[in-house]
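Please work through the exercises below with the sequence and the structure at hand. Each task is followed by a worked solution.

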Amino acid sequence: MIEIGMGSVQVGECDVMGHMNVRHYVSRALEALDWLGLELGLGPANAREHGAGLVPADQHIRFVRELPAGTPFSIHGGVVHRRGDTLRLYQEIRNVAAGAVAATIVTDAVLADTRTGAPRPLLSGIADAVTPLAVVVPDYAAPRGLGFDPPREPLSLKHAVELGLSQTYKGTVQTTECNDNGLLRVDGVMARIWDGVPNSPARDVRRRGQPSGKVGSAALEYRLVYHRPIRAGDLVTVRSGLKAVGSKTTTWAHWLFDGESGVTVAAAEAIGVSFDLTTRKAIGMDEEVRRALEELVVPGLSV
């Protein structure tokens, strides 16, 4: 793997749990993707000339360790393979101070028009650039609780309502979270999912069974599918449902919709865990809480 990013965690990137929020893992990886694109001959100058750049279409993320404010990190990555016009890329965010991997990201990326977001064929000569960047996804980055098979057809807003999925977010795309052409960056998708999670009825059940101020939550694994671009000023709503309950974990499914047209923008699955804010370790859930959560599970949810 080659180094494609470096920095340190800022206070403004941390959430109420005291560690870097999942949105910023995605935004930092997105910055690093631009440096990997440069190695592939898809740097900024090329993007301006051709009006196209690399964007994620599908991602699997594992969160291995917390990154508190002030932590120095580096990002390394490479190319796993090419399938048609899709490049599977691998990135890992490393805690430099601890010498340990903090997160891994496997991304299926495509070349997209920078103005419209429409996919384009990969540029000629890409095969020669891929070879020296070849990497293998390590075992510790492989999917565990979530799949990474080709995504299903997107769920419609009407079907989401019929399934009883809870509305957890309702807002508007801001220009500050868009690229120069007004298209929402992919970290904006993760931002809305995380913003909406506390509004879920299932989250209320867990709160009732946990001591206030002593227990937090963290994501262990995410799968994100980006179906279509969305622009600054567009309306966004998120519908979420509980997919499964384990001894310590809950698995969620989320869909983002264009609030005006009802078209699916993106979808995600996530595995989360409660953890002690003092020991910073995962904890199990009360049996009564588990039973209450199991009653909220919506069968058959999958992105």
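The model is predicted: local features need pLDDT of at least 70, side-chain atom pairs count only at pLDDT 80 or more, and totals for chains, interfaces and linings use all residues. Residues are numbered from 1 along each chain as its sequence is written, and side-chain values use heavy atoms, without hydrogens and water.

**Exercise 1.** Describe the largest pocket and its lining.

*Solution.* 
Step 1. On a 1 Å grid over the protein atoms alone, a pocket is an open set of points where a 1.4 Å probe fits, with protein on both sides within 12 Å along at least five of seven lines; lining residues have an atom within 4 Å of a point.
Step 2. The volume, the space filled by probe spheres set on the points, is about 1,200 Å³ for the largest pocket.
Step 3. The lining of this pocket has 42 residues, and L30, G53, L54, V55 and N179 are the closest to its centre.
Step 4. Strand 2 (a DSSP run of E, at least two residues) supplies the largest share of this lining, seven residues.

**Exercise 2.** Describe the second largest pocket and its lining.

*Solution.* 
Step 1. The second largest pocket holds about 510 Å³ of space.
Step 2. Its lining has 25 residues, of which F63, V64, A218, A219 and L220 are the closest to the centre.
Step 3. Strand 8 gives the most to this lining, with five residues.
Step 4. By class, the lining has 13 nonpolar (Ala, Val, Leu, Ile, Met, Phe, Trp, Tyr, Cys, Pro), eight charged (Asp, Glu, Lys, Arg) and four polar residues (the others, Gly among them).

Conventions: Helix = DSSP H or I, 4+ residues; strand = E, 2+ residues; numbered from the N terminus.
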